[in-house]
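This briefing concerns the arrangement of strands and helices in the structure shown below. Please read it alongside the sequence and the coordinates.

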Amino acid sequence: MKRAAGPVIRLRGAEVRLAHATVWRDVDLEVGDGQFVAILGPNGVGKSTLLKAVLGLVPLAAGTAEVLGRPAGEANHEIGYLPQRRSFDPSLRIRGVDIVRLGLDGDRWGVPRPGRASRDARRRVAGLLELVGATAYAGRPIGQCSGGEQQRLLIAQALARKPSLLLLDEPLDSLDLPNQASVAGLVDRICRDEGVTVLIVAHDVNPILGYLDHVVYLGGGGAITGVPEEVINTENLTRLYGAPIEVLRTSTGRIVVVGQPETPTYHPDLAHHEHPHGL
Amino acid sequence: MASDVTPQLSWNLVHDVQQLFEFHFMVNAFRAGTVVAVVAAAIGYFMVLRQQTFAGHTLSVVGFPGAAGAIWLGVSASYGYFAFCIVAALLIAAVPHGRGRAFSEESAVIGTIQAFALACGFLFVSLYAGFLNGIDSLLFGSFLGITDAQVVALLAVGCGALLVLVVIGRPLLFASIDTDVAAARGIPVRALSVAFLVVLGVAVAEASQITGSLLVFALLVVPAATAQRLTSRPGVGLAWSVGLGLLITWLGLGISYYADYPVGFWTTSVAFAVYVGVQIATRATGARAARRRRTLAAAP
């Protein structure tokens, strides 16, 4: 799984146009091996489009995109991708373990033959379920699993082929606060222990802020990239969002972004929790 | 019945079954029914999973003018079913799919086409003057007069459709559940969708020849939907679907041989009974399991 040294993702002066309108331009981005990087910014600014550009699913109008040392789109078999929140129909009668298994060999033609390969596949799936802590509910139909449970199963699915890069599009969206914290912790553990580079899209930075190596703030057609301490400050964010945003530091030195649009609903009973959220 | 002896049901099951296969038309009915049940149940499993029941219904309605037109032109109804169902499948595949607003517009278009198709079928039946009782069997099915050649044709086409399903089954399952990820994995999602609609058209055309255009769902939806209530394992679900399809067909044919109502009624009644029975049973056990989970979760 190791590659020649060099950034896992390198965008140079990248620009994407969709329906003749520029989504973003002049985006320079470098993500190093094993880093945990977030793409942040208001809704509709092109965060998901950035992931699709990395996958080569959206062509660049200008600039270059190199992923895992090759042009974007040519190394997709080494990428685990989790698109924006797919809610499974509650009536979908397919087990979580089958969803994970599809991530492993769902693109093969024909029927799986019993034998050593099939046993190995089952063992690999069991290991993945263990890793994300989904063993207990993997036998249930996925439509009946909670949002957090579905998200863990989907992360396991994305990891099935041992990717060196994991692209996660809003994996914390529509989860409650404790689940946001635990899924963020899980992604960090995968990044550090399994050595997987993670590029995560989020519109609320607080649950993942403690884990991030770099942040990319998209907004106003361009991007600001850097380590969280440098990029996340009141002036930068207020300018990007076009709305007053305050960056606070807690007594323990934690950064907290307050006044950000689209923060999850305020939970009074969880306000004293370790991930405080503003108004 | 075609014979002058009315079949009598006795308590001797072996004798009953022997009596059932006494006439060649009955043997052929069972052969054709078996082929159609397997094909419809397997393909129906994916149709229910992909929530394309509406497309299946459209195909079955379009089959009716096809069959009526074929008879009017003096060829076998089979040709009409296959030609119209497959062409309709390709047309549906060409219509871009949407959700929400686009979806409701699409259903309005399809609803209009369905009404027109039924009207055309009615016209073709009227144009064919000597075609007295035929409209009943086109709409509600018949198992009389299935020829050996027809059985062979059903078997050959059915095997072809099943072979395609075996080859594309796994990526099709992936694409049905999780289109975006499947596409990112390089699965040709669009091509699979077209291929599946054509296979579905074939299954509908086959089933129509036994159940008629309007009762296709007894074999296409009921076994699959019931199987998905019974299990959430894809392989086991497919097996259940095929098993239930065979049960429904065989029971329906058997009962209609002894009881003097049309086969379409019996097949559909058996299917309905199976579906309702399984719904009630799984709801009861599901509620019990949920209660047990809650008790476990509440325990310290």
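The model under discussion is predicted. The contact between these two residues belongs to a parallel pairing, in which four bridges connect β3 (residues 36-40) with β8 (residues 197-201), both of chain A.

**The sheet**

- Chain A contains an open sheet of six strands, ordered β6-β7-β8-β3-β9-β10, with mixed pairing.
- The edge positions are taken by β6 (79-82) and β10 (222-226) of chain A; each has a single partner strand, so one side of each lacks a neighbour in the sheet.
- From one strand to the next, the twist averages 15 degrees.

**Helices across the sheet**

- Helix α4 of chain A, covering residues 147-158, lies across β6 and β7 (165-169) of chain A, and its direction makes an angle of about 155 degrees with β6(A).
- Helix α5 of chain A, covering residues 177-193, lies across β3, β7 and β8 of chain A, at about 135 degrees to β3(A).

**Helix α4 in detail**

- The 12 residues of α4(A) should span 16 Å at 1.5 Å a residue, and this agrees with the end C-alpha atoms, which are 16 Å apart.
- Because 11 of its 12 residues are buried, α4(A) is largely enclosed by the rest of the structure.
- The buried residues of α4(A) include G148(A), E149(A), Q150(A), Q151(A) and R152(A).
- Also buried in α4(A) are L153(A), L154(A), I155(A), A156(A), Q157(A) and A158(A).

Conventions
Residues numbered from 1 in each chain as written. Chains lettered and ligands numbered in written order. Predicted model: local features only at pLDDT ≥ 70, side-chain atom pairs only at ≥ 80, totals over all residues. Heavy atoms only, no water. Pairing = 2+ DSSP bridges. Axes fitted to C-alpha atoms, helices over the stretch in contact; angles between N-to-C directions. Contact = heavy atoms within 4.5 Å. Expected span 1.5 Å × (residues − 1). Buried < 20%, exposed > 50% of the residue type's maximum accessible area, 1.4 Å probe, protein only.
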